[in-house]
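Open the model in your viewer and keep the selection panel at hand.

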Amino acid sequence: MIYSAWLKKLQSFLIIVFTWVISVQTDVLRPRGVSLSKASLYSPTKDFTCFDGTSTIPFSYVNDDYCDCFDGSDEPGTSACINGVFHCTNAGHRPQNIPSSQVNDGVCDCCDGTDEYATPELCSNTCEELGKEARAKAQHLADLHKAGNFIRLELIEKGNKKRQDMAEQLSQLEKDKAEAQKIKEEKEALKNELEAKENEALQVYRDAEEKERQKKEEDERQKQEKEASEQFSRFDSNNDGVLTVDEIKVGNIFDKNKDGEVDAEELQYFLGDKESVNKEEFMSITWPLLKPLLMMEQGMFRPAEAEATEEAEDEEAEDVPRVEDMDVTGSEDDNLDGDLSHDDAEDHDIEPDNSKSYDDETQKLIDEATEARRQFMDAERAMREIESNIRNFQQNLEKDYGLQQEYATLDGQCLEYEDKEYIYKLCLFQKVTQKSKNGGMEVGLGDWGEWAGEEGSKYSVMKYSNGVACWNGPNRITMVNIHCGLETKLTSVTEPYRCEYKIDFITPAACDDSNYMQQQTSHDEL
Ligand code: MAN
């Protein structure tokens, strides 16, 4: 027991000696793995309180290779806690924080090699070398940002001017729209007025045409009736006003299939289910069926099947109507009765028939109404154009062109990038497309969506979404990572996941000098 107490004391002593280091660069005493900014939290004269405040332990427990704090803050210099953080000073280069689980794991994580203190010979100190390289790189980036920032300032100026111009143009367009609306209304009123006069004048013609049509129809009806009546009398051999089966059988015109006799089927065809028909029934049932046969007999038209073969030989036959096309109850001219039917005449929007000739006064009214219609259409078109321009300006003004409008002048600018297989095209704030070098259609990889950088650097990533659907998958999308550069161009295009594209894009618009310096400072403070 005595031996073990002594051993424990010795162990504690050794641990304190072992873990307590003097930082040459800073001359501040602090336990191994502790950064300068946290040094004051580890005072050898006081007990140590875990960062999360859950417990306070004797200072000798710090870095004793046993994890006492839940947050791992008591073991910054050993790998005892899974969540501990080891700080390397990396003099000559950037300080670094690594998970303390990587301490003494046989891998050199810190350039000063302090994470592998158990085997000091394992890692050589490369901080000076790396620091030199990093400083040269940082200097280059700082110079780039500085030079790019001049161009960026110009872009900001132009961007603000562009937005201002757009706002002015929009308000001008709003005024133009009000004016165009007024003109349109005037033209419409004039058109309506002149069309009413035109319609009144045309109505005279329409009425005359309608009268003519009705007269023709009546004449035709009477002609048909007369003809039907004559034919009825022709077959009604005993003049009793009734056409019987016997009387019909005599007329070989009823022998439809020309087999030498009028059989039951033919009788039924012409008489319906009746044994006989009176004159009235003849007119409504028999005559419509009989007339085409009579016409055929008279050579006024031929059967349909004959037509196909003879068509080429006999051009005149084309003018002869076919049985199935005939309307035996009315005039053949019925459907050729001009454009202005009775119903159309009621419709005031129907324009005059240019093929017809009218009296001078009517023609003058037609010409005036035609001109008014043309002017109204022009006014409507002008109005639509203004409205579409307004929509475009509004959409552009709603777009987020960066905190200082630095991206405004880039809207619509298209940049291309070629790899082995494809030509990619990014039209900024519009869309991204891909075209195979072997031909084929352009494939949409996304339309302008939103800025999608992480918090604090929102304007470093653009998202173009809703591209053409991927086969068996979602719609294509493209993320555009923006970097500072003196030119505006695409530097790489990749497809890290199927149908998800990544573009690297450089532009002076991203060379925010002050922001860059701020970022570097906060990075170095780590
Ligand atoms: C095309 C291209 C590719 C994409 C495949 C997915 O070939 O758009 O980029 O990966 O379609 O099927």
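How far does a polar side-chain atom of Tyr422 lie from an oxygen atom of the ligand? Select both: the separation is 3.2 Å. Bear in mind that this is a predicted model.

Next, select Arg476, where a side-chain N or O atom is 2.9 Å from a ligand oxygen. Then select Tyr501, whose side chain places an N or O atom 2.7 Å from an oxygen atom of the ligand. The protein buries 70% of the 300 Å² that the ligand exposes when taken alone.

Now show the whole shell. Besides Tyr422, Arg476 and Tyr501, the residues surrounding the ligand are Gln434, Cys470, Glu495, Arg498 and Cys499. By class, the shell has 4 nonpolar, 1 polar and 3 charged residues.

To see the contact, display Tyr269, Phe270 and Leu271 on α4. On α5, display Ile285, Thr286, Leu289, Leu290 and Leu293. The contact of α4 with α5 comprises 7 nonpolar residues and 1 polar residue, with no charged residues.

Finally, select residues 360-398, which form helix α8. Helix α8 has 39 residues, and the distance from its first C-alpha to its last is 57 Å, close to the 57 Å expected at 1.5 Å a residue. Zoom in on the N-terminal end of α8, which is capped by Asp359. A side-chain oxygen of Asp359 lies 3.1 Å from the backbone nitrogen of Glu361.

How values were computed
Residues are numbered from 1 along each chain as its sequence is written. This is a predicted model: local features need pLDDT of at least 70, side-chain atom pairs count only at pLDDT 80 or more; totals for chains, interfaces and linings use all residues. Side-chain values use heavy atoms; hydrogens and water are left out. A residue is near a molecule or strand if one of its heavy atoms lies within 4 Å of it. A polar contact is a pair of N or O atoms within 3.5 Å; within protein, one must be able to donate a hydrogen and the other to accept it, and residues adjacent in sequence count only if both atoms are side-chain atoms. Accessible areas come from the Shrake-Rupley method with a 1.4 Å probe; for residues, only the protein chains shown count as cover. Ala, Val, Leu, Ile, Met, Phe, Trp, Tyr, Cys and Pro count as nonpolar, Asp, Glu, Lys and Arg as charged, and the others, Gly among them, as polar. Contact means heavy atoms within 4.5 Å. Helices (H or I, at least four residues) and strands (E, at least two) are DSSP runs, numbered from the N terminus. The expected span of a helix is 1.5 Å times one less than its number of residues.
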